[in-house]
Amino acid sequence: MGIFGRFERKVEGAVNGAFARAFKGDVQPVEIAARLQRELDSEAKLMSRDKRLVPNEFVVGLSPHDHDKLAPYSKTLTSELAAELRTHASDTGYVFNGPIRIHFELEPSLPTGRFTVASEAVAGVEERQAPNPSAHGGAAAEREGDEPRPPAPQAAAARSRLVLEVNGTRHPLEPPGLVIGRGTEADLRINDPGISRLHAQIRVRATEQAVSIDIVDLGSTNGIVVNGHKVAEAKLQEGSRIEIGSTRMLVHAPAGR
């Protein structure tokens, strides 16, 4: 039995055969599975001799009629679709940047039985948590009645100035900065196969008068690109665009700060 036959049996069994009744003449789940697999094949980007990077986030646009039909089964359907994509990727040597996410969105202009697919390779991002000062000397100092220490001038100068935005998440750029990489030792961990374990360091130096920010390549395999130019080291400022692996980042000052 082919992969789509297996998929159809698994999904229909999960909802007691409701798909067969609900989708007759409409968008079929097996059609979505086939379209997503073709999306992987068409968007695969060569990483090495036997590995290719493929999208891991998908938006499926549906007509009002098909969207209403799919909505009750979306959780089960997305789970089964993701499982089939992982199987297909394993069989073909594809690599995902992060977890597979599939979203069904309403497209009022689409006729019944038609759907669209948009995809993107989005890296999973984790920020290493800083240790809690109160777990060490901070709480003890307060118990002994000491006056709380004022923040260091450089921290006061840099606070809320600029952020590094990665996949919609903002990371404050404060002294001394942060290390970006794929390994657990990195301060900002990005699950992107094109990023080295310790890829680059953003250094933040601040005084009461000024803040200086730059980025340095830590001997990575694929290097860093700043504002369209591959560099070993570069100054950063508001509006700087950084590309590491297939991940894009932006330095900016958030509105309303």
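The legends below describe close-up views of a predicted model. Local features need pLDDT of at least 70, side-chain atom pairs count only at pLDDT 80 or more, and totals for chains, interfaces and linings use all residues. Residues are numbered from 1 along each chain as its sequence is written, and side-chain values use heavy atoms, with hydrogens and water left out.

**View A. Strand E8 pairs with E9 and with E18**. Strands (E, at least two residues) and helices (H or I, at least four) are DSSP runs, numbered from the N terminus. Two strands pair if DSSP finds at least two bridges between them. E8 (residues 163-166) meets E9 (residues 169-172) in the antiparallel sense over 4 bridges. Leu164 has His171 as its bridge partner in E9. The two strands form a hairpin with 2 residues between them. Asn167, in the turn, has a positive phi of about 50°. E8 also pairs with E18 (residues 247-252), antiparallel, over 4 bridges. There, Val163 stands opposite His252.

**View B. An open sheet of 6 strands**. The order is E7-E11-E10-E12-E13-E16, with mixed pairing. E7 (124-127) and E16 (233-236) are the edge strands, each pairing on one side only. E13 (residues 211-217) and E16 run antiparallel, joined by 4 bridges. Val216 has Glu233 in E16 as its bridge partner.

View C. A salt bridge is a side-chain nitrogen of Lys or Arg within 4 Å of a carboxyl oxygen of Asp or Glu. The structure holds 7 of them. Buried means under 20% relative accessible area, exposed over 50%, and partly exposed in between (1.4 Å probe, protein chains only). Arg35 is partly exposed at 24%. Glu39 is buried at 7%.

**View D. A salt bridge between two loops**. The side chains of Arg197 and Glu185 meet at 3.6 Å, N to O. Arg197 lies in the loop between E11 (188-191) and E12 (200-206), and Glu185 in the loop between E10 (177-181) and E11, so the pair ties together parts that are 12 residues apart in sequence. Arg197 is partly exposed at 45%. Glu185 is partly exposed at 39%.

**View E. A network of salt bridges**. Arg203, Arg205, Asp214 and Glu233 are linked in this network. The closest N and O atoms of Arg205 and Asp214 are 3.5 Å apart. Asp214 is buried, with a relative accessible area of 3%. Arg205 is partly exposed, at 43%.
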